Every structure is written in structure tokens, then in C-alpha cells.
Amino acid sequence: MTSSETTKIITFEDFKTEVLNDYKIAILSRECSLLGRREVLTGKAKFGIFGDGKEVPQLALAKAFQNGDFRSGYYRDQTFMMAIGQLTIEQFFAGLYGHTDINFDPMSAGRQMGGHFATHSLDENGNWKDLTKQKNSSSDISPTAGQMPRLLGLAQASKIYRNVGVLPKKNKFSTNGNEIAWGTIGNASTSEGLFFETINAAGVLQVPMVMSVWDDEYGISVHAKHQTTKENISEILKGFQRDENNKGYEILTVLGWDYPALVNTYKQAAQIAREEHVPVLIHVKELTQPQGHSTSGSHERYKNADRLAWEATYDCIAQMRKWMLANSIATNEELEEIESASKKEVLEGKKNAWNAFLDPIKKEQNELVTLLEFIAASSVNRVFIQKYADDLKSSKEPIRKDIITTARKVLRMIIGESGQGKLAAWISNYIETIQPKFSSHLFSESNQNVFSVKEELPTYDESSEEVDARLVLRDNFDAIFTKNPEVLLFGEDSGTIGDVNQGLEGMQEKFGELRVADAGIREATILGQGIGMAMRGLRPIAEIQYLDYLLYAIQIMSDDLATLQYRTKGKQKAPLIIRTRGHRLEGVWHSGSPMGMIINALRGIHVLVPRNMTKAAGFYNTLLETDEPALLIECLNGYRLKEKMPTNLGAFKTPIGVVETIRKGTDITLVSYGSTLRLVEQAAKELQEVGISCEIIDIQSLLPFDINHDIQKSLATTNRLLIIDEDVPGGASAYILQQIIDVQNGYDYLDSKPQTLAAKPHRPAYGTDGDYFSKPSVEDIYEKVYAMMHEVNPKEYPSLY
């Protein structure tokens, strides 16, 4: 309740009605868990992980949760989702079965296992809904504590909306920053580094975050004594408790089976976080897990008889029931009626969900059976085809794999027969129809995707000077911050000193500490800040100081950000820009280029590799007009090189997915990106002296890659290909070659074997010599190209060695 609200006086009858409604939700949720486990064990569902034992504290959380608030939670929060009206019985089972229709499983359209919850932040066109008018849940992920970094950003958004004056105090995302970000986690997962990193960061930032720890003393089969010092997370976090002289947390503890105490605790936590913007930790103790961790095992294997007996007594629903009877809130008969009716309601909901899941698949099954029977009638393999048709027809609970597998096996039997065309067309149409149910929305499919932005070239006039390239970035950021009040940038050394390369010089002084901010040395939560704030309508740029440090955050980027649009089937988005710098410097930890790892871990995030700062600035301008996340890697050795200052700062745009031919040639196509291009250009000049004409193509973006197939067009002229990359052998160069050969059919134009030139299979050694002997040099490129031309014309290009 906010301070502006008046306390509502309710009668005992109103109170009783509310409590009984809570009890009904708890019973419905428990029955879903019990029946859900049986559905898995009978084979209708593949896996189940449920919220039994956590029902009552989640009811209390739901009471304090208001419109505009966000949840970032744990895969046991089904009761909470039911209590806020965002999960029905039918939807619960649709998720368990993996129903691919977003209208039946609004959590993920069958893309995540049950227990992973989300609400819809976007409408059918990918545009933002008014998030202040609904209760919001960010989409769950399975990696334990992976929900924590995002939680930090969801909470920080409220601080930004409340305190940054250029932003409206009321919009689709916030009402004066009054929203709380509510986190939930299991006690064992508090052992993860991401938990501690987030807890520390939230205490430093002082954001409205309420963190609930559901403590049932176990992490799967491992007891708390192996998980947590003192076996008590709130005890070891006492140093975070705020006092009159120090900011910090409010830390509250409550028993998970004590309904009235839980309601009061969550009311208190909400008031502190919502009004004061102080983070709160609620340690919910003495919870149980009646069915064990998941359907993969039984907790009887690791809990002794005393523990199991205690759990039966102190089950939160049993204790709530006992409390209601003791306080004359309900009679035993009233509660039995609720329990009996709830069992029937859950059973009916389960049946409805199963029929809704199965009906479209049965229609597809019947359609194929009819076609196979028609084809069998005129086939020499009539008996075998009819057997396939009969087997498929006899399946009472078919899955799509059974249907398409049967069709594809029969197709092999009718090559050259009259039915081949019909069946082949059916298969193609079926795959075209069904595949998107499992593969759509890896990237944005809205009219704000990266391909919606057209190129706009930088312009220059007589007054345009050659300046240090960092100044192009700096002045472009100045234009961005001026034009876009929702843009903010943060990272290690980004604020006071204007980043380590001075690309943000003076920006904090001009735009304030909240919009251009320093952050602690904590890469995962820097990314989390960006994800959460982007999910609430801000346009954050999260800076990771060096490319090698991205490894600290790669899990969050891969598991959370990269999958967000995919795992919600386009119902949530986080258009975060990740800024870093890398490629050639000197030393093991500051000059790596692990691009192969990055592009293979981050499908769902665009990966941009500009060769200079003007190109980089253009990418920032482009991205801010899109609704997609991207990683942008600036060239670490390019800040002091000279570039002309454009006159249209903040407006020129580098196209995404489009390569640039920076030198025309006829003998060989050289493909590269980033800092290495400067070496390629020098090598090409030297090769020209011996009559070898090199065409040089700057990839510019690895994801997406050369959407216009311009590299293929180049190969049509040169007929030879060399890819130069400073990643390890088989890293990004393997991906680039696969795109050119497999996707662009570049092999059609090659007269020589396509080749790659990469770095050595180790991190670069320190110093200039370390760089020379670890990564491709001008001489390496020259000699590689020369050797390829020697193979073509050994007389004109005799062997060097």
C-alpha cells in the first residue's frame, strides 16, 4: 500500500471471504501439482517441476503485488501466478504438455517446460502494452540464480523513472517509479555467485527490490549444511542490514506456514521498497516440498523419517487450515467442500487442456492417414504403406514427430510413382506450417526490427576536421543523449572519467550520474541492469570494459537476453545495447577475440564488429531505432586514429547485416572485420605491387551476416576466397566460411579451395612481439594470398619458400 492510499476497513465477513479465496487458490495449486506429477509419470508430459509446499507465502506476496510491479522468479511460483490472475488451470497443464499455441500456453507457447512463467508485455504487433495497468512477470529461465541480474535492472528502472527529470512521471512503464521488482529464489540457489553479486549491487544502488528466499532446507537432495554458511542465508547477510548511519537492506524473516505473519511481512516489505526505494530481503523459513524436487526423483531417498513426518505436520496448507479452524474462520465442512470442489475443477481443467493440446494434432494425423491410404491404393509398396497408415491411425495420443516421420519414411517408398508429388507437397507444407511453432521469434518480427532502418551516410563539409576517433564517438553519444531522454549508459569507468578511452568524456557532467553512471566490477549484473531496464521501456547501453571480460556475463547474455523473444514467442523484449571494446591490443586478458564462442552462444543477439568509430557511432544510431538487443565491439586500437568529424551526428546510420566492399579487386576476395582490416588493407597494397589484385570486404556484422550475399557476388568475379580472422582457428572463421559456402552457395564460383587465416590456438602473448607471433600479421596475409596465387599460376608467382 502506498502512502497516498487510505487504510480500508473490512468486516469479518469480508476478511473470511478473502482468506477462504486464498485457501481455494492454494488448494487448486496443490492439486495441479499432484495431478501434474501423475501426468508426467503416465507419459502425457515429459517433465514436471512444481510449486507444492510454497503456496501460502506466495499468496502473501500476491497480496502486496500491484499493477506495474514486476516479478523475476523461480520455477515454483505457480501459486503466485494463479493468485494475481495470470495462470489458469488449463494454462498450467498446457505448459506441462508443451502446447505450441500461445493462446493456450501464454507463458511460452510450449517452448519452456512447465513452471516457467511470463506475462505479455507486447501486443500482437510487438508494440509495448501499458505495463502500469497490469501485473507483470519477466519470463523465467531454468539456470539457478539466472533470474537475479535481470531483477536488479527491473528494480533500477523504477529509480530511473522517479529521479531522471527529463522522463515523464507517468507513461506505459512507470508511475513515478512506484513499482517494485519482486524476486524469488530457492534457498540452495543463494549459493550461486549471481545471487551474491545481485544482492550487493542492489544494496549499492538502493533500488525497490524485494527478494524472497523460499527455504525448504534442501537443494534437490543436498541439505543446507552443504549449501550455506550457518545454514541460514539471512543470518550471513546481516551485514547488509541498514541502520541509522548506513544504507543497506531491510532483512525480514518469517515462517513459511504462518499465514497472518506472512501477510503482514509482505505488506511491510512492500511499503519500505515502494515508498523509500530500499531493497528488502525476506527469508521465508520452514517450507516443505511434498513431492520432492521434480518428477525425476523421490525425496524419500534423501529425507529421513523424522524430516518427512515434520513436513507432513508443517506443510503450509495444513497449517493454514489448522489456523482457520482455530480462529473460527471456517468450519471443517466448509474447507472439505472447497477441497472437494477444487479437485473436480483441476481434473476438469486438466481434461480440457489435454483435449485442446491433442485435437489439432489428431486432425493432422487423420489428414496424413487419408493421404497415405490414397497413395497405397496405387503403389507397388501398398502393403507396407498401409501398415504405416494403420500404425499411425491406431495411435490414440500422437505427437507431431510421429506424423512427419511416417510421411518421410513413406516418401522413400514411392519415388517415381504418381503419389510422390502429392506426398512431397504435403510434407513441405507441413514443415512450413509446423516449424515456426518451434523456431519463430529468435529475432524480432515486428516492424521495428534491424532491417527496418535504412542506411544514412555520415555527411561532411569544409569545416569537418580530422580528429581522434574517440571524439566522433563522444560527440555522437552527446547527440544521442540529447535526442533520446530514455537512453542511459553505465559500466566500469564509464561515468566520472568518461570510459577508459574517453569516448564518454564530459557526458556524466552534462547528463547526470543516473544517465551516465559508473558501475562496480560486476559484469553479470551490469548486463542484468541493462536487461531489466530494457524490459521496462528504457534504452540502456551496458558497457563491459573489455571483450575478454564479457565471459563473466556470457551466461546471462546466452540464457536470458538471447532467448527472451524466442522463449516468449515475441511477447517480451529487451532491446539492450551492449558496448565493449576488443580485438588487437597486447596481453592474454586484454586482446582476445573469442568471436566464435560469442556468435555461437548469442544467437538471438546481433553481433556488430565495426572497423572504426564512425561506423560504430552509426550502429548506435541504428540500434536505437530498433527493438532488438545487440553486442557492439569497438576496435580497441582505433580510438586515437584520425577520422573526419561528421556534421550529422546522431543521425547517420550504419546498416546491420550489410557488408561493405572497401577495395575493389579481380584476383581474390579477402573477407575480414574490425581491427584486422587495417592489416588486410596494407597487405593488399603490397600485393598490388606484384600484380595481385585483392578485393576487400568488411563484414561489419557477424549476426546477421551479409544479408544481400555481396560476398557471393564478389566471388563471381575473383573466384578465390581468403577469410582473415584474429579468433582461434575454427572460431569465427569457420562460421563465416559456413555462411559463404552453405548459405550463399559460394562454392559455385570458386576455382581454388577457400581458405582461412586465423590466430594461433592460444590467447595472445604480451607485448608487440606477442601480438605479431599470436595473431595474423601483414606478412602472414601477404604470404597466404601469394601462396594461393602460386597454386593458380606458379610461373608468375614462384614459391617464396
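A salt bridge here is a side-chain nitrogen of Lys or Arg within 4 Å of a carboxyl oxygen of Asp or Glu. In this predicted model, the count by that rule comes to 46 salt bridges.

One of them joins Arg274 to Asp69, with the closest N and O atoms 2.9 Å apart. Arg274 lies in helix H8 (residues 259-276) and Asp69 in the loop between helix H2 (55-64) and strand E1 (70-72), so the pair ties together parts that are 205 residues apart in sequence. Both Arg274 and Asp69 are buried.

Arg400 and Glu364 form another salt bridge, their closest N and O atoms being 2.9 Å apart. Because Arg400 belongs to helix H13 (residues 400-413) and Glu364 to helix H11 (residues 332-376), this pair ties together parts 36 residues apart in sequence. Arg400 is buried, with a relative accessible area of 13%, and Glu364 is buried at 14%.

In the salt bridge between Lys642 and Asp468, the closest N and O atoms are 2.7 Å apart. The pair links strand E16 (residues 642-644) with strand E9 (residues 466-468), 174 residues apart. Lys642 is exposed, with a relative accessible area of 53%, whereas Asp468 counts as buried at 18%. Elsewhere, salt bridges link Asp499, Glu543, Arg579, Arg581 and Glu634 in a network.

Asp667 sits in the loop between strand E17 (660-663) and strand E18 (668-672). Asp667 is buried, its relative accessible area being 17%. The side chain of Asp667 reaches the backbone nitrogen of Ser693 at 2.8 Å. Beyond its neighbours within four places in sequence, the residues in contact with Asp667 include Gly691, Arg720 and Met789. Thr718 is 51 residues from Asp667 in sequence, yet their C-alpha atoms are 4.8 Å apart.

How values were computed: Residues are numbered from 1 along each chain as its sequence is written. This is a predicted model: local features need pLDDT of at least 70, side-chain atom pairs count only at pLDDT 80 or more; totals for chains, interfaces and linings use all residues. Side-chain values use heavy atoms; hydrogens and water are left out. Helices (H or I, at least four residues) and strands (E, at least two) are DSSP runs, numbered from the N terminus. Buried means under 20% relative accessible area, exposed over 50%, partly exposed in between (1.4 Å probe, protein chains only). Contact means heavy atoms within 4.5 Å. A polar contact is a pair of N or O atoms within 3.5 Å; within protein, one must be able to donate a hydrogen and the other to accept it, and residues adjacent in sequence count only if both atoms are side-chain atoms.
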